[in-house]
Amino acid sequence: MNAHLRRTFYLFVAGFVGLVVMLAYWQVYQREALANNPQNGFQTQRSISSPRGLILARDGETVLAQSEKRRGISGPIYERSYPGGAAFTGVVGYWSTKYGATGIEIGRNSDLSSVAGDPETVDDLINRATGGPQPGNNVILTLDPELQQLAYEALSETVTARGSAMAIDPKTGEILALATYPSFDANNIDENLPELSQRSDAPLINRATQSLYPPGSTFKVITSAAALKAGVQPSDTFFDPGYLDTPGYRVTNYQNRDFGTVTFAAALAFSINVIFAKIAINEVGAQLLYETATDFGFGDPYDDFPLLVAGSDLGYPVEEWVEGNTAQISFGQDRVFSNVFEMGLVAATIANDGTMMEPRIVKSVRSPDGIILDQPAPSVRRRVLDPATANTLNAMMQNVIVTGQLTEAEIPGVKVAGKTGTAEAPPREPHSWFISFAPADDPKIAVAVMVENGGEIGPQGDAATPAIPIAQDLMETYLKNEGG
Amino acid sequence: MTQRATTPMILALLVTTLGFATLIFVQEAASPPLIYGAYYAGTLFVLYLGVRLLLPHSDVLLLPLVTLLTGIGLVMIFRLTYNVEGVQNLATTQALWILIGSGAMFILVLFFRNYHRLFDYKYLFAFAGVFLIASTFTPLGYEVNGARLWVDLGPVNFQPSEFARIALIVFFAGYLAEKRDLLAATSRSFLGIQIPAIKYFGPVALVWAASLGLLVFEKDLGSSLLFFAVPLLMLYAATGRIAYVLLGGILFSLGSLVTFLLFDHVQVRVQAWLDPWQDPDGTGFQILQSIFNIADGGLLGTGLGAGFAQTIPEVETDFVFSAIASELGLLGATAVLLAFLIFVYRGTKIALLAEDDASKLLVYGLTAMFALQTLVIVGGVTKAIPLTGITLPFVSYGGSSVVGNFILTGLLLLVSEKAGRREAEGRAYQESDWRAS
């Protein structure tokens, strides 16, 4: 009988071996395929079964995104909430298991998510070794919560209620505000997204970084920089007959005015298209204008920046520029496109003695228990102008406020430098732009504001400039807070 | 068989302790698991010492294996039900069942050291077995998930088939040991297959058919499979005639076909096995969730408490192995299977060493049932074979199953004590013989 017992025992052994083979088939061979099967919700579930890190404003206290614990069917799950509301959504973004993620939520996902990367602290290591829910790291932004809120609300009160604003510390490259309007509340995004995506005013688009608009006359600061490099002095005089004919294109001034003989400085102050076209064609030349604009960041990618940035563009490669192009490009029309993010950098570069700092929106990354894991130091992105040229341009931009009598831009006791823009966007009203920085003698904040189709033409033919008071408000508020 | 095995016993308890310690850490569970863990560890350690004392020559590895498997089961049940509304007490209930099982085993070991008496009442056992199965057809019986497996006895509900199996194996062992020569000597043959004499085969066939028929109508597919295969294996072991196995195979095919055609629930099970994707949210849901969870574990597992096995319906009973494979990975699941295989190995060894046929057949029948049950349920949850709802011995939640398996282990221990003592006496005899010369 023993032989029979042994024989069946071998049968059982074979059965057990078969089970191990079956397990290996699922757990090794089929693992990937099953994990990615659409019926398999584990990847999503895993992403909500441990808390993501916080997103905080620059004060390290204002919470912009947090994971809230809730009881799920199988253990606790975490839901993302956004106490900052719609004002911050453009930067913070949303994290949805249904619709993916945007903004910092995806741009710094490897910090915020709880499963990525090697353990960075002992607590983290212990947590992972025991398989516990591992909270992600906290991301502290450079955003000034008050300024961000202010920019958002100011944009909401404009005529068209569409626009964007950006404020930056020119010396460090830290972005203080990056607002877009209309925006949306990222809480309950799963329910609201389908409706938001249908809306004609496109609240899902971050106008500050993802959209491109003609910068109009704000581009003249770049043309001015090129002219200064070419040897033109602010006191040099030019004659404006009211128009300039180039092959195939006639340049005229705003409201078809003619200014006669004016200095270069006055040409900037009064934003005289004809003179800028003349200077661009005769003094600067396509090549230098192109190079200067490129130095100021036109055409740059921002791949390292955690938010999606649509690259500004000059429209054509320089070899194809004819005089008509050069003329229009000199005042930011034709096919020149940019946004407040990049024009804000232009203002900041002039403010910072011609040195463009690397723009930063993340101030630091900290572990849940507060240990600093990453705190990037300010770094130079590019030296665009030599300090002397930059200071001359700075003075010219201060002159824009004083001579141009832009009283709305003035801040009591503080020198302001700036440049307006009314960018044609036919068939609709022009976009209203303003780039500026203050205090001009020791810049602490640079600002770019754009109100989409906000340059409504009044009965006298002059356009409203709603961008100016918004920029002024941002600078004044920031300086007041900084000054103590 | 007389070595001490305190180290494996302590290791098994340490594994359980480690499991609970991890869960306290991960699930932020409060102290209850510690207290129940301590009760559990104390119970099994006392049981181990008691058995060592009463049956000093018995197999030493069986109880450490039982400790390991019940411990892993308890950890998994706690992990799967902690803080889950409606089932949060299952782990403590299971701990209670382990206590009751230990008590039953201790009583068995204490009073039935002369287990041969059991074979004298083999017909009573046959009757008791069939009666137990039939009891679910009385008004006390009730259905759960479409299968009529349960009997409500006021304070306790139990699954009589878990105990009926053991009773029937006692009967088959006693009967076959008595008649094995007569069954092996066949008189007639049909189509080249030798047919045993109806006179001797009759009682076996009768009990077999009665129990099987009842179970099929109770829609208890898992038990039906076991009740079909185990007596067949015992018959083969007793007679060595492959004819029984062939005949069984034919009967099995016929029976499977008939049940497949007759019963919707069998068709659903087979369909869910062949193509669960056809209805992934319905009939295929359970097996797909099981497969997803197993695959999610990978080589090393997600870690205790980090898997999603709670998505599987019935995870703490039939599908507990999927949770183990998910959280402990291929390595952990293989280790658990190895523990089962060692149990089967020790059982087979006891059968080999047992002195009389009835003891051999009893131990073999119980071991084969244990092995088949493990193979069938693990094969089912890994989609190797169609799913049949039975428990994973010692690991799955379930009072009847736990107590039944403790009784099963107790019987193995009793037989091993006898074989062990004989071996020890033989050795002592040889030694004295050697000294004398």
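Predicted model: local features only at pLDDT ≥ 70, side-chain atom pairs only at ≥ 80, totals over all residues.
A:Gln405 is placed in the loop between helix H15 (387-403) and strand E17 (417-425) of chain A. Because A:Gln405 has 11 C-beta neighbours inside 10 Å, it counts as exposed.

Chain B comprises 15 helices and five strands. Of its 437 residues, 53% count as buried. Among contacts in chain B with a separation of 6 or more, 71% are accounted for by residues 24 or more positions apart.

Within chain B, helix H7 (residues 160-184) and helix H14 (residues 357-381) pack with their axes coming within 8 Å and crossing at roughly 140°. The crossing of H7(B) and H14(B) is right-handed. On the side of H7(B), the contact is made by B:Arg165, B:Ile169, B:Val170, B:Phe172, B:Ala173, B:Gly174, B:Leu176, B:Ala177 and B:Arg180. H14(B) contributes B:Asp357, B:Ala358, B:Leu361, B:Leu362, B:Gly365, B:Leu366 and B:Met369.

The largest nonpolar core contains 144 residues, of which B:Ile169, B:Ala173, B:Met234, B:Ile324, B:Leu361, B:Leu362 and B:Val415 touch the most other members. H13(B) gives the most to this core, with 18 residues. At least three residues of the core are drawn from each of domain 1 (1-111 + 290-360 + 378-432) and domain 2 (114-262) of chain B. When residues up to four places away in sequence are not counted, B:Val415 touches B:Tyr115, B:Ile350, B:Ala354, B:Ser359, B:Leu362 and B:Val363. Another core, of 124 residues, lies apart from the largest one and includes A:Leu268, A:Val346, A:Ile350 and A:Val447.

At the interface between the chains, 46 residues of chain B are in contact with 32 residues of chain A. Helix H1 (6-26), helix H9 (221-239), helix H12 (285-297), helix H13 (320-353) and H14 of chain B each supply at least two residues to the side of chain B that touches chain A. H13(B) gives the most to this side, with 11 residues. The side of chain B that touches chain A is made up of 30 nonpolar, 13 polar and three charged residues.

In chain A, helix H13 (residues 323-330) is largely enclosed by the rest of the structure, because six of its eight residues are buried. These buried residues are A:Asn325, A:Thr326, A:Ala327, A:Gln328, A:Ile329 and A:Ser330. They pack against helix H10 (220-229), strand E10 (243-246), strand E11 (249-252) and helix H12 (273-295) of chain A. After H13(A) comes A:Gly332, with a positive phi near 70°.

Cis peptide bonds are also found in chain A. One joins A:Tyr181 and A:Pro182, with omega about 0°, and A:Pro182 is placed in the loop between strand E8 (175-181) and helix H9 (189-198). Another joins A:Ala438 and A:Pro439, with omega about -15°. A:Pro439 is found in the loop between strand E18 (428-438) and strand E19 (445-451) of chain A.

Key. Residues numbered from 1 in each chain as written. Chains lettered and ligands numbered in written order. Axes fitted to C-alpha atoms, helices over the stretch in contact; angles between N-to-C directions. Helix = DSSP H or I, 4+ residues; strand = E, 2+ residues; numbered from the N terminus. Left-handed = near helix turned anticlockwise from the far one by under 90°. Contact = placed C-beta atoms within 7 Å. Nonpolar A, V, L, I, M, F, W, Y, C, P; charged D, E, K, R; others polar. Buried ≥ 20, exposed ≤ 12 C-beta atoms within 10 Å, placed from the backbone. Core = buried A, V, L, I, M, F, W, Y, C linked by C-beta atoms within 7 Å. Domains from an automatic or database assignment.
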